[in-house]
Amino acid sequence: MRAVLYIDKEEGTAVSDVPDPSPGPDDVVVSVDACGLCGSDVHSVQNGQCAPGQILGHEFSGRIVALGAGVTGWSEGQAVAASPLGSCGKCRICARGLAFRCPVAPNIGINAQGAYAQYVAVPARQLVALPPELPLELGSHAEPLSVGSQAVKLSGAGPGDPVLVYGVGPIGLYSIMALRLAGAGPIVAAGRSAGRRQAAADVGADVVIDTREISVEEYATQSGTRFAAVLECSAAPGAFTEALAVLEPGGTCVEVALTPEVASLPLFGMLSEGLHIAGACAFSDDTYRESVAHIAAGRVPVERLVSERVTLDDTPSALKRLQTPGSLVRIVSRPWG
Ligand SMILES: [Zn+2]
Ligand SMILES: [Zn+2]
C-alpha cells in the first residue's frame, strides 16, 4: 500500500510503498476514507519526535476490509470511525479514562502505525460503527471533537455559563462546538487569524475578539465579563496567566494547547478565588462514542471546518504548510484520491 512515512526532522515525511497491514487476532484492517491532518502531527514532525518509518495520522474513518480471527460483531464493508487510543482496559490509568497514557497499549498514528495510508490495522475495541447513509469523511471529525468535548467536561461548563475559548485553531473550534452541545454560553472566542475567527463565528461563538486589537484581559474589563471557564487552546505566550485573570470565583481553566511554556501561578489568587486548573489531553472511550453520535445525528457543523482535501501524495507538503496555517483550519487526506 501507499503510506506517508516519517523520515527525519529535516525532510519531514514522504510517501512510500509499504506492506499492507494484516490484522492481529483482535484487530480489523480499515481501508482509510479520510484522515484529518492534526497540529500534533505537525509539531511532532517539526520537532523530530517520531520514530523513522512511523506512519502518522489518527483522525480517521473508513471501511472494514479484513477481520482478525478472534473478532466478532463486525463485518467486512462496514463503515467505521475509530478512536486512536489503545487501552489495556485493566490498569489504573485506563480505569481513570486516560487510555492515552496507558503504559502498555499503543496509540494509532503515534506509536502504532497510523492512517495517512490506504489501510490501517485497528483493535476492534476501538471501533465505532457509522450509519451507512453518513458521508464517511464525517467520521474523521470524531477524534478532534472528542478532544474539545473532553476539555469541556473537565471545565464543568454547562447551561448559562460564560466561557472563553482562547485560541481559534482546530481544537478551539471543535471546543466551541462541544460547548454548544453542553448548552454553555455566551461563548467568547479570542484569536488572531481572521479566517479562523470567522470559522469560530460559523460554528457557534457568540462573540469573537481579535487579540491583535484587544487583549483578553482588556476585553474582560471593558465588557465587565468574568468567565466560569476558560479553555486555553492557543499556546500563545502568557495566555494561561491571562486566562486565570479573567475567571470568576470558582472558575476553571483548562489547558488544551500543546505548549512548552512553564507558567507561574498566582497562588494566593487561586486559593482566595477558589480557582481550578486542569490539563486536557485526549479523551475517554465514552467521549469518543458520544462524538460519533453527535456527528451522526447532524448536531455539529463539523464539515464547515474543512479547508482542503488532499491526496496521499500531497499530504507531506500539506503537513509542511500547516506549520504556518494562516486561515487554514482542517486539511483532510483522502488516500484513495
Ligand atoms: Zn489530532
Ligand atoms: Zn492501561
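Reader: Ground rules before we start?

Author: This is a predicted model, where local features need pLDDT of at least 70, side-chain atom pairs count only at pLDDT 80 or more, and totals for chains, interfaces and linings use all residues. Residues are numbered from 1 along each chain as its sequence is written, chains are lettered from A and ligands numbered from 1 in the order written, and side-chain values use heavy atoms, with hydrogens and water left out.

Reader: Is cysteine 94 buried or exposed?

Author: Buried, at 12% relative accessibility. Buried means under 20% relative accessible area, exposed over 50%, and partly exposed in between (1.4 Å probe, protein chains only). Cysteine 91 is also buried, with a relative accessible area of 18%. Cysteine 88, at 25%, counts as partly exposed.

Reader: Where is cysteine 91 found, and what does it touch?

Author: Cysteine 91 is in the loop between β5 and α2 (92-95). Helices (H or I, at least four residues) and strands (E, at least two) are DSSP runs, numbered from the N terminus. Not counting residues up to four places away in sequence, cysteine 91 touches Cys102 and Pro103. Contact means heavy atoms within 4.5 Å.

Reader: What does the pair of cysteine 38 and histidine 58 tie together?

Author: Parts that are 20 residues apart in sequence, because cysteine 38 lies in the loop between β3 (27-36) and α1 (39-46), and histidine 58 in the loop between α1 and β4 (59-67). Cysteine 38 is buried, with a relative accessible area of 14%. Histidine 58 is buried too, at 3%.

Reader: How far is isoleucine 331 from cysteine 38?

Author: They are 8.3 Å apart in space, C-alpha to C-alpha, and 293 residues apart in sequence. Isoleucine 331 sits in strand β15 (residues 330-334). At 0% relative accessibility, isoleucine 331 counts as buried. Leaving out residues up to four places away in sequence, its contacts include Cys35, Gly36 and Leu37.

Reader: How many residues has the largest nonpolar core?

Author: 47 residues, and those with the most contacts inside it are Leu173, Ile176, Leu179 and Leu231. A nonpolar core is a set of buried Ala, Val, Leu, Ile, Met, Phe, Trp, Tyr and Cys residues joined through side-chain atoms within 4.5 Å. The largest share of this core, six residues, comes from α4. Domain 1 and domain 2 both give residues to this core, so it lies between them.

Reader: What is leucine 179 in contact with?

Author: Leaving aside neighbours within four places in sequence, leucine 179 contacts Val152, Ala157, Val163, Val165, Ala184, Ile187 and Leu231. Apart from this core lies another, of 31 residues, among them Cys50, Val71, Leu312 and Leu322.

Reader: Last one, α6. Which of its residues are buried?

Author: In α6 (residues 216-223), Val216, Tyr219 and Ala220. Seen down the axis, they fall within an arc of 100°, so they line one face of the helix. The arc is that of the directions from the helix axis to the C-beta atoms. These buried residues pack against β8 (163-166), β9 (187-191), β10 (207-210), β11 (227-232) and α7 (239-245).

Reader: And the face turned away?

Author: That face of α6 carries the exposed residues Thr221 and Gln222. Glycine 224 follows α6, with a positive phi near 65°.

Technical notes: Domains from an automatic or database assignment.
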